[in-house]
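Reader: I would like a close look at helix packing in this model. Please take me through the contacts one by one.

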Amino acid sequence: MNYRHSFHAGNFADLVKHALVLWLLKERQERGPVSVLDTHAGAGLYDLSGDAVRSREAEAGVARLMAAEARPPLIEALAAEVAALNPQGGARFYPGSPMLTARALRAEDSYRGFELNPPVETLLREALAPWPNATGRAGDGYEEAARAARGLKAPLVLIDPPFERPDDYVRSAETAAAVLGADPTACVAIWTPLKDLETFDGFIRRLEQAGLSRVLVAEARLRPLNNPMKMNGCAMTIVNAPSGADAAAAEICGWTVQALGDPGGRAEVWRAG
Ligand code: SAM
């Protein structure tokens with residue numbers, strides 16, 4: 001397991017994912033208590049003065065987000081979270097999905113995140129310590145989330161693998177199907193990189209073959225998808241997408257492409273199945 005999210009934290013793909021997670025959480029909270037399951041939690045909080053300086057991905061992502069003059073509301077909501085962690089200004093600290101979610105929880109909500117890498121899991125537990133209804137646990141998030149979903153009502157599930165293993169697409173689709181099998185009212189959001197169209201098409205076909213419905217695909221293509229060795233964009237695929245998700249995704253992906261993408265980039269929001 002070589003993947004270290006600390007190199008990628010705060011990049012454009014994190015911005016898309018986290019702005020959408022914030023919206024999904026808020027939308028779900030308007031309808032009652034929310035239980036969040038995070039299959040691949042990561043460290044919870046990132047200090048961008050370390051690994052991220054070497055990758056320069058945060059420089060091209062969250063640093064530009066915080067310097068932007070005009071931000072639409074759903075992007076502004078994420079910027080406000082980053083600002084809250086950096087009272088001196090700037091963007092040295094960046095929240096991962098666990099901390100972003102934990103900060104938004106009400107007394108009746110809960111968060112459970114799973115992490116397989118022991119040192120990262122220790123960081124996760126430390127990051128979540130101030131929030132009693134947010135917990136970080138060791139374990140394989142695919143298996144754990146499918147199991148945990150059986151005991152929850154309408155959970156919101158984030159699947160965010162590193163995609164360093166060839167079976168991450170298959171396991172993501174299988175986990176989404178297992179969660180929806182346990183509770184058809186669950187909402188599952190799966191983050192994927194966009195490198196080439198063939199791989200992504202195969203993933204969407206797999207979701208369709210599993211019979212999953214109300215599938216919304218939110219793509220932020222920063223440049224044309226013609227180099228399979230490069231992350232040319234990213235997508236959030238939301239199964240059981242609530243109403244309003246199309247507009248939310250268009251706002252988030254649209255801003256990201258326009259503010260951070262190359263001239264040939266484009267945002268695509270569409271329904272599969
Ligand atoms: N969701 C996090 C966020 O948005 O802040 C980022 C997660 S990062 C992309 C993926 C994480 O999953 C890494 O920390 C990696 O160690 C962990 N991981 C890899 N395979 C896993 C598995 N099967 N179950 C749980 N965690 C896993």
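Author: Start with H7 and H8 (residues 168-182): their axes come within 8 Å and cross at roughly 10 degrees. Axes here are lines fitted to C-alpha atoms, for helices over the stretch in contact, and angles run from 0 to 180 degrees between N-to-C directions. H7 and H8 are therefore roughly parallel, a label for angles under 35 degrees; over 145 is roughly antiparallel, 65 to 115 roughly perpendicular, and the rest oblique. The model is predicted: local features need pLDDT of at least 70 and side-chain atom pairs 80 or more, while totals for chains, interfaces and linings use all residues. Numbering starts from 1 along each chain as its sequence is written. Helices (H or I, at least four residues) and strands (E, at least two) are DSSP runs, numbered from the N terminus.

H7 brings Tyr142, Ala145, Ala146 and Ala149 to the contact. H8 answers with Arg171, Thr175, Ala178, Val179 and Ala182. Two residues are in contact if their C-beta atoms, placed from the backbone, lie within 7 Å. By class, there are seven nonpolar residues, one polar and one charged. Nonpolar covers Ala, Val, Leu, Ile, Met, Phe, Trp, Tyr, Cys and Pro; charged covers Asp, Glu, Lys and Arg; the others, Gly among them, are polar. An α-helix has 3.6 residues a turn, so residues three or four places apart point the same way.

Now take H1 (residues 12-29) and H4 (residues 73-85). Their axes lie 9 Å apart, at an angle of about 100 degrees. That makes H1 roughly perpendicular to H4. Leu15, His18, Ala19, Leu22 and Trp23 of H1 meet Leu74, Ile75, Ala77 and Leu78 of H4. Eight of these contact residues are nonpolar, one is polar and none is charged.

Next comes the sheet. Eight strands form it, in the order E5-E4-E1-E6-E7-E9-E8-E10; it is open and its pairing is mixed. Strands pair if DSSP finds at least two bridges between them. E5 (134-138) and E10 (266-272) stand at the edges with a single partner strand each, so one side of each has no neighbour in the sheet. Neighbouring strands are turned by 15 degrees against each other on average, direction ignored. E7 (residues 187-194) and E9 (residues 233-239) run antiparallel, joined by seven bridges. Isoleucine 190 has threonine 237 of E9 as its bridge partner.

H1 also packs on this sheet. It touches E1 (35-38), E6 (156-159), E7, E8 (215-221) and E9, and its direction makes about 170 degrees with that of E7. H6 (residues 118-128) lies across E4 and E5, at about 165 degrees to E5.

Finally, back to H7 (141-149). Both H7 and strand E4 (110-115) supply at least two residues of the shell around the ligand. That shell divides into nine nonpolar, eight polar and five charged residues.
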